[in-house]
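Visitor: I am new to this structure, and I would like to learn how its sheet and its helix packing can be read.
Guide: Let us look at it together, one feature at a time.

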Amino acid sequence: MKKKALIFGVTGQDGSYLSRLLLKKGYIVHGVKRRSSQPNTFRIDDIYSDPLIKKNNFYLHYGDVTDSTAVFSVIKKVVPDEIYNLAAQSHVAVSFDMPEYTTNTDATGALRILEAIVRIDKKIKFYQAGSSEMFGKVVESPQNEKTPFYPRSPYGVSKVYAHWITVNYRESYKLFASNGILFNHESPLRGETFVTKKIVKGLFNIKIKKQKKLFLGNLYAKRDWGHAEDYVQAMWKILQYKNPEDFVICTGRQYSIKQFINLVAKSLKIQIRWKGKGIDEKAFDKDGNCIIECKKKYLRPAEVDTLKGDCSKAKKLLNWKPKHDIKSLIKDMLEYEYKSNIQ
Ligand code: NAP
Ligand code: F7E
């Protein structure tokens, strides 16, 4: 019998990579998408036309994790072997503007799914998409599964709730419920308002003279950036492990936003010169045109200054390690921009 997976958040970056991975592994994949006034399935539309993917293995259902009835109904209808909860208002800056909605989706959303599992079938395995944002104002470096949480945003706080409610349901009801604590992971399919995609797309457009300038916020935050393709492998491995446990997934390398910009500019053969300090720092091209400027509106009320993970546990117990590094991530993201622009 083929395994059945149900993905909440199927239309997002990770949802699309995970769908493809599970279909390749022979799963029947069900995904939950939200109703929107325009189609929001651009990241998964090609799955239907992929000749390597057999028909009748991929199904979409309407739903929303803020709606208990919808959550319960879809789980009751599909009764999957595995549920991946990737659904989230995932933008940290937006979570300061919409704290209540973020909590309802990112924190209580996980609870709604767990409650439905308890009532429908306790054998359903559950993956919760945890985040390095839970470490926030880090108390040690690098961060591992034992590092205490210190979230710095409504998003981070919501993810901490989702983490602990997952642990609590695992311990209370003996569910196979696991948390992946994933550090930033990017791809060509990353949402356009996240910093890596904004930089790659912005500098590419500047190179081809489609755009004059890129506006950013804090250039000195450091992140441990991986590739989504590697990280969805880890999600799957976490649910195949013999016990339900929590795992940090990361690369163990960190770069600042400014270093990331410099790497992308180098790949595009744009020579840049930095001038000024703080919010007045700017980047100029070789002709003296200002191509990057900082704007206060992109600064956050509280920032996560530095994140760097230690995934020794995942390496040892899951035999997982990232295939991509920062250079191959940037290469992949730039190739996508190139292909999108020559079509
Ligand atoms: P993403 O691209 O923003 O995708 C989020 C998905 O959740 C989308 O399909 C979105 O639907 C859906 N969604 C939002 N609100 C929902 C709701 N109320 N009910 C049902 N679905 C809802 O995020 P991602 O980068 O793929 O990340 C996947 C998960 O991992 C998220 O939970 C995120 O918080 C977490 N995470 C991400 C990273 C990272 O670096 N990417 C790191 C750690 C953890 P629409 O398409 O309709 O908006
Ligand atoms: O910001 C700085 C910003 O929005 C990274 C989500 O997937 O990863 C992601 O959260 C850094 C921050 O990602 C801009 O201040 C500068 O320090 O790309 P980001 P994030 O906040 O780290 C975690 C692990 C998740 O779980 C989240 O769901 O870049 N930054 N200038 C900027 N950030 C943005 N977005 N836009 C700027 O213009």
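Predicted model: local features only at pLDDT ≥ 70, side-chain atom pairs only at ≥ 80, totals over all residues.

Guide: Residues are numbered from 1 along each chain as its sequence is written, chains are lettered from A and ligands numbered from 1 in the order in which they are written, and side-chain values use heavy atoms, with hydrogens and water left out.

Visitor: In what order do the four strands of the open sheet lie?
Guide: Helices (H or I, at least four residues) and strands (E, at least two) are DSSP runs numbered from the N terminus, and two strands pair if DSSP finds at least two bridges between them. Here the order is 8-15-14-13, with mixed pairing. Strand 8 (214–216) and strand 13 (273–275) stand at the edges with a single partner strand each, so one side of each is left without a neighbour in the sheet.

Visitor: How many bridges join strand 13 to strand 14?
Guide: Three bridges join these strands, which run antiparallel, strand 14 being residues 282–284. Lys 275 has Lys 282 in strand 14 as its bridge partner.

Visitor: At what angle do helix 5 and helix 6 pack?
Guide: Axes are lines fitted to C-alpha atoms, for helices over the stretch in contact, and angles run from 0 to 180 degrees between N-to-C directions. Helix 5 (residues 99–120) and helix 6 (residues 154–173) pack at about 10 degrees, with their axes 8 Å apart. That makes helix 5 roughly parallel to helix 6, since angles under 35 degrees count as roughly parallel, over 145 as roughly antiparallel, 65 to 115 as roughly perpendicular and the rest as oblique.

Visitor: Which residues of the two helices meet?
Guide: Contact means heavy atoms within 4.5 Å. Among those that meet are Leu 111 and Leu 114 in helix 5, and Ile 165 and Tyr 169 in helix 6.

Visitor: Why is helix 7 called oblique to helix 11?
Guide: Helix 7 (residues 195–207) and helix 11 (residues 326–342) pack at an angle of about 50 degrees, with their axes 10 Å apart, and that angle makes helix 7 oblique to helix 11. The contact includes Val 200 and Phe 204 of helix 7, together with Met 333 and Tyr 336 of helix 11.
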